[in-house]
Amino acid sequence: MFGRISAIALNTYRESLRARILIGLAGVAFAVAFYSIIVGAYTLHNGARVVSDLGVASISLFSIAVAVIIGATSLYRELEQKTIFPILARPVRRGEYLVGKYLGTLLTLAVFILADTGLVLLISAVLSGRSLALVAGAGAASLAALGLAAWRSPLLRTYGFIPWSAVFLVLGVVLSAGAPTERRVVLAGSALAFLEVGIVAAVATLFSSFSTPFLSALLTLGIFLVGRNADALAQLPVKYFGPQISAAGRALSRVVPNLQIYVPPRPLLAGEVADANLLVYLGWASITCVGWALGLLSVAAFVFKKRDFL
C-alpha cells in the first residue's frame, strides 16, 4: 500500500512541478522576498525585521495559492485526460489514489516553502552583517550543484529540487546565525505555513473529489477566509449583528478549521511572550493539522469511492 501511495505522490509532484502557474507563483514569491529589501531600506534600523515579517507573510500567502490551485486541479486533470482509468484498473484503491494525490501536493508545497524560506534567511543573513559575497556564493554554488546533477541524471531534473530545497534551507539557517530572532521568526512562521496548507490542501482534495476545479477552488478559498476569521466570527457582538447572525457566526466558527492559530502575532514567534512556549504551540498546531487532514481525507475518500466516472 505504501509503495502504491508513494508512486502516486511522486507522480503528482512531477506533474505539479511542470505546471506553469507554479513556476509563476514561485517567481513572484522570490521577487517579493527581494522586494522586502527595498521596503526595509526605508525603515530605521529595522530592515531585518521587515524582511522576516514580509517574508513569512509572502510564504504563507503564496503557499496557500499553490495549495488551492494544485489541490483543485490535479485530480480533475487526471479525469479529463483519462489517465486515472489505467491507474485504477490496477490493484490501487481509490482511497490510496486520493491520499497519494494529497501527499504529492504536500511534497510540492514543502519544496516551495523550503526554497522560499531559505531565500528569506539568506537575505536576513546579509542584513545582519554576513558577507554578501559569501551568501551569494553559497546560493550560487547550490544552484550550480543542482544544475550539474540535473545534467548528469535526467531523474534529478525533476526530483533534484527536493534535496536541493533542504540544502538551501540549511544554508540559510547556518548563514543567518547573526540574526537569531529573525531566524526564529522565519523558521516558526514557515513551519506554521506548511501546517496551514496541509489543512487547505486537504479541503481542496475533498472538494475536488466531487466538483469542478473552479468550484473546488472557490469553495476552498471560502473555507480559508472563514477559517482565518474564525475567532472574529465566534465573537460577533449581538448588539450590532443581532442574535441570529451572532449565533450563525459562532456555529460557523466551530465547523471550519481555525486557521488563525497558524498566523500568530510576531511576539509569540520571536519568543517574547513569557507564558508561551513556541515548541508546545507548534506541537498543538501540528496535532490540529493532522486531525483535520485525516478527517477531511477520510470524507474525501468515501465520496470519491462512491463517485461514478461515466
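Which residues in H6 meet Phe-161, Trp-164, Phe-168, Leu-171 and Leu-175 in H8? In this predicted model, the residues on the H6 side are Leu-134, Val-135, Ala-138, Gly-139, Ser-142, Leu-143 and Leu-146. By class, the contact of H6 with H8 comprises 10 nonpolar and two polar residues, with no charged residues.

Two packed helices are described by the angle between their axes and the distance between the axes.

| Helix pair | Angle | Axis distance |
|---|---|---|
| H6 (residues 132-152) and H8 (residues 161-175) | about 170° | 10 Å |
| H3 and H10 (residues 213-228) | roughly 145° | within 9 Å |
| H1 (residues 2-17) and H3 | about 105° | 11 Å |

**H6 and H8.** Angles over 145 degrees count as roughly antiparallel, and H6 and H8 are therefore roughly antiparallel to each other. H6 passes H8 in a right-handed crossing.

**Helix H3.** Helix H3 covers residues 47-80. At 1.5 Å a residue, its 34 residues should span 50 Å, and the distance of 48 Å between its end C-alpha atoms agrees with this. A bend of about 30° occurs in H3 at Thr-73. After H3 comes Lys-82, which has a positive phi, near 60°.

**H3 and H10.** The axes of H3 and H10 come within 9 Å and cross at roughly 145°, and this crossing is right-handed. On the H3 side, the contact is made by Ser-60, Ile-64, Val-68, Ala-72, Thr-73 and Tyr-76. Pro-213, Ser-216, Ala-217, Thr-220, Phe-224 and Arg-228 make the contact on the H10 side. Sorted by class, the contact of H3 with H10 has seven nonpolar, four polar and one charged residues.

**H1 and H3.** H1 and H3 pack at an angle of about 105°, with their axes 11 Å apart, which makes H1 roughly perpendicular to H3. Asn-11, Thr-12, Glu-15 and Ser-16 of H1 form this contact with Ile-70, Ser-74, Arg-77 and Glu-78 of H3. The residues of the contact of H1 with H3 divide into one nonpolar, four polar and three charged.

Definitions and conventions:
Residues numbered from 1 in each chain as written. Predicted model: local features only at pLDDT ≥ 70, side-chain atom pairs only at ≥ 80, totals over all residues. Heavy atoms only, no water. Axes fitted to C-alpha atoms, helices over the stretch in contact; angles between N-to-C directions. Helix = DSSP H or I, 4+ residues; strand = E, 2+ residues; numbered from the N terminus. Parallel < 35°, antiparallel > 145°, perpendicular 65-115°, else oblique. Left-handed = near helix turned anticlockwise from the far one by under 90°. Contact = heavy atoms within 4.5 Å. Nonpolar A, V, L, I, M, F, W, Y, C, P; charged D, E, K, R; others polar. Expected span 1.5 Å × (residues − 1). Bend = angle between axes of the 7 residues up to and from the residue.
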